[in-house]
Amino acid sequence: MTSTAPTSSFRPLWLAVFVLAAAAVGAVAGLLAVAGGTDMPTAILTGTVALLLALAHYLSGSAR
(Lines give C-alpha, C1' and ligand atoms only; values in the text may rest on other atoms or scores of the structure.)
Protein backbone atom coordinates (compact mmCIF):
# COMPACT_ATOMS: atom_id res chain seq x y z
CA MET A 1 0.00 0.00 0.00
CA THR A 2 1.51 3.32 -1.03
CA SER A 3 1.49 6.35 1.20
CA THR A 4 -0.49 9.38 0.11
CA ALA A 5 1.23 11.66 2.60
CA PRO A 6 2.84 14.79 1.14
CA THR A 7 6.58 14.90 0.74
CA SER A 8 8.52 16.29 3.66
CA SER A 9 9.38 19.57 1.89
CA PHE A 10 5.68 20.43 1.42
CA ARG A 11 4.48 19.03 4.74
CA PRO A 12 4.52 22.35 6.69
CA LEU A 13 2.62 24.09 3.89
CA TRP A 14 -0.04 21.38 3.75
CA LEU A 15 -0.27 21.36 7.52
CA ALA A 16 -1.03 25.10 7.45
CA VAL A 17 -3.66 24.64 4.73
CA PHE A 18 -5.19 21.71 6.61
CA VAL A 19 -5.33 23.61 9.89
CA LEU A 20 -7.00 26.62 8.24
CA ALA A 21 -9.58 24.43 6.52
CA ALA A 22 -10.21 22.44 9.69
CA ALA A 23 -10.59 25.67 11.69
CA ALA A 24 -13.21 26.87 9.22
CA VAL A 25 -15.06 23.55 9.47
CA GLY A 26 -14.79 23.67 13.27
CA ALA A 27 -16.15 27.23 13.35
CA VAL A 28 -19.09 26.27 11.15
CA ALA A 29 -19.74 23.20 13.32
CA GLY A 30 -19.76 25.40 16.40
CA LEU A 31 -22.09 27.94 14.79
CA LEU A 32 -24.47 25.20 13.68
CA ALA A 33 -24.41 23.76 17.19
CA VAL A 34 -25.34 27.16 18.65
CA ALA A 35 -28.05 27.63 16.03
CA GLY A 36 -29.41 24.20 16.96
CA GLY A 37 -29.85 25.27 20.57
CA THR A 38 -26.67 23.90 22.13
CA ASP A 39 -25.07 25.97 24.87
CA MET A 40 -21.86 27.85 24.05
CA PRO A 41 -19.29 25.61 25.83
CA THR A 42 -20.63 22.52 24.05
CA ALA A 43 -20.56 24.35 20.72
CA ILE A 44 -16.93 25.34 21.28
CA LEU A 45 -16.13 21.73 22.19
CA THR A 46 -17.82 20.58 18.95
CA GLY A 47 -15.65 22.89 16.88
CA THR A 48 -12.51 21.92 18.77
CA VAL A 49 -13.16 18.22 18.31
CA ALA A 50 -13.64 18.74 14.57
CA LEU A 51 -10.31 20.56 14.37
CA LEU A 52 -8.44 17.96 16.42
CA LEU A 53 -9.87 15.04 14.43
CA ALA A 54 -8.82 16.62 11.15
CA LEU A 55 -5.35 17.36 12.50
CA ALA A 56 -4.94 13.81 13.84
CA HIS A 57 -6.00 12.42 10.47
CA TYR A 58 -3.41 14.52 8.68
CA LEU A 59 -0.59 13.80 11.09
CA SER A 60 -1.23 10.04 10.98
CA GLY A 61 0.22 9.92 7.44
CA SER A 62 3.91 9.06 7.31
CA ALA A 63 6.36 11.19 5.34
CA ARG A 64 7.83 9.64 2.20
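User: How many residues does helix 1 have, and what span does it reach from its first C-alpha to its last?

Analyst: Helices here are DSSP runs of H or I with at least four residues, numbered from the N terminus. The expected span of a helix is 1.5 Å times one less than its number of residues. Helix 1 (residues 11-35) has 25 residues and reaches 35 Å, close to the 36 Å expected. Please keep in mind that this is a predicted model, where local features need pLDDT of at least 70, side-chain atom pairs count only at pLDDT 80 or more, and totals for chains, interfaces and linings use all residues. Residues are numbered from 1 along each chain as its sequence is written, and side-chain values use heavy atoms, with hydrogens and water left out.

User: Which residues of helix 2 are buried?

Analyst: Buried means under 20% relative accessible area, exposed over 50%, and partly exposed in between (1.4 Å probe, protein chains only). In helix 2, the buried residues are Ala-43, Gly-47, Ala-54 and Tyr-58. Because they cover an arc of only 50 degrees around the axis, they lie on the same side of helix 2; the arc is that of the directions from the helix axis to the C-beta atoms. The face turned away from this buried side carries the exposed residues Pro-41, Leu-52 and Leu-53.

User: What do the buried residues of helix 2 pack against?

Analyst: A contact means heavy atoms within 4.5 Å. The buried residues of helix 2 pack against helix 1.

User: Where does Trp-14 sit, and is it buried or partly exposed?

Analyst: Trp-14 is found in helix 1 and is partly exposed, with a relative accessible area of 45%.

User: And how much of the chain is buried overall?

Analyst: Buried residues make up 17% of the 64 residues. The secondary structure comes to 2 helices and 0 strands.
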